[in-house]
Amino acid sequence: MEHLFIDQYSGLDSIIHRLDPRTKIVTLIIFVIFIVLTPPTYFLQFLLYFVVIGGLILLSKVPFIFVFRRVLAVMPFVIVIGLFIPFIKEGEIAGAYSLGNIKLNVTYSGLIIFWNICIKAFLTVMCLTLLTSTTSFPFFLKGLEKLWVPGIFIMVLSFMYRYLFVSIDELMRMKHAKDSRTIKPKRLFEIKTLANMLGSLFIRSYERGESVYLAMCSRGFNGSIKTLDNSSFGYKDAIFSVGLTSILVLIRLTGIL
Amino acid sequence: MHIPDGFLAANTWIPAWILSIGGLGFCIKKAQEALKEKLIPLMGVVAAFIFAAQMLNFPVAGATSGHLLGGVLAVVLLGPYGGAIVIAIVLVIQCLVFQDGGVTTLGANIFNMSIIGSMGGYYLYNVIRKRIDGDRGILIGTAIAAWLSVVAASAFCAVELAISGTSPLHIALPAMALVHMLIGIGEAIISVLVVSFVLKTRSDLIYNKEEL
């Protein structure tokens, strides 16, 4: 079976794709921190951030519609937590509505908090989508490893990445087998069957983990994995990281001046 | 329950990062003592299992469906430390690959779901299964711990949002807790069914079963 969901578009070729993973990870996380720490009323700065990140996405040739879909994915959380904030925050009233007997007051401070979380969630998801859709996952891990993320964490992550597709395939095969044998199952039966599928998937995964470990031992595994390393930090990376960071500092300064 | 970037202020996400890095470091140290280098392939493959399991939708009341979160399931099978590491790994992947939860808030998400939800859930499960004999104790413990872990994680999430000044506690806490009390029922049912399947087929895989 084919799986395209994990690092879709990372196979494209563009200036952004060719950068060293470390450059992208560090600069885009700095970007995220800049966005998160900007006070909510600096509307011009958010507009400028949007222009910068939009420009980078344009450079990377990742389709906008894909980024937009990723942004929409945070909406459920925004609705559950955010939507009632403008109505319950106390302060100067911006507008009052009555629905039957219920009186709703919208306050300025509430609206600002709502704007704050929406715009920040929106812009940071754009940053992270750019990061993951321009870097293939193994390179991404390589980058994290060189940024002093503990090796044990990287190794577990790379194992997970390798076996993720195997597990999903196995689960989908079981589901197809079940679906082709049951027509309109009763709910309780359905839940029980699905749970048994998960149980057997767990046992298979566990046994696979053990046999992978034995196979690794017989090939001389001693707790660390060595791989070829062909990424390098070149002048393009230096220009990108210094350039983007100074643009961010300049944007930030517009608020202070 | 995956908090996106921008929902937490720096006075919350920085301490949450420190807490969860400390907690995970402790888990890795403890798990390595028990599993040695076997830890790495085993955690990786089981994390892939939890990830795949979250993609399977179960029919719930009406036409809605829910999926397993797996926090307590992971600790029942792998123990408190291994289970917490697996859940943290899944959260990292969800954040980095699917933008499900933010980068600055990742620390808080790991704290809520991995440290509180999974590791905390294990201690509750362990207390219950020691009081009740046999497999019934394991199943009842799993059910209660699974339900409470979901509710507790959502309550911590509400407290963090309140500390950040995003939403006041008296609104966020009941709203989050009520929604997750319902989600928790599904979680408890699925976890119990999966654990009972493992008990029937390979009961040696239940963590520390011989201790009883």
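Author: The lining of the second largest pocket divides into 24 nonpolar residues, three polar and no charged. The structure is a predicted model, in which local features need pLDDT of at least 70, side-chain atom pairs count only at pLDDT 80 or more, and totals for chains, interfaces and linings use all residues. Residues are numbered from 1 along each chain as its sequence is written, chains are lettered from A and ligands numbered from 1 in the order in which they are written, and side-chain values use heavy atoms, without hydrogens and water.

Reader: What makes a residue nonpolar, charged or polar here?

Author: Ala, Val, Leu, Ile, Met, Phe, Trp, Tyr, Cys and Pro count as nonpolar, Asp, Glu, Lys and Arg as charged, and the others, Gly among them, as polar.

Reader: Which helix gives the largest share of that lining?

Author: H1(B) does, with seven residues.

Reader: Why is A:Thr132 called buried?

Author: Buried means under 20% relative accessible area, exposed over 50%, and partly exposed in between, with a 1.4 Å probe and protein chains only. A:Thr132 has 10% relative accessibility and therefore counts as buried. This residue lies in helix H7 (residues 108–134) of chain A.

Reader: Which residues does A:Thr132 touch?

Author: Leaving out residues up to four places away in sequence, A:Thr132 touches A:Asp7, B:Leu96, B:Val97 and B:Gln99; contact means heavy atoms within 4.5 Å.

Technical notes. Helices (H or I, at least four residues) and strands (E, at least two) are DSSP runs, numbered from the N terminus.
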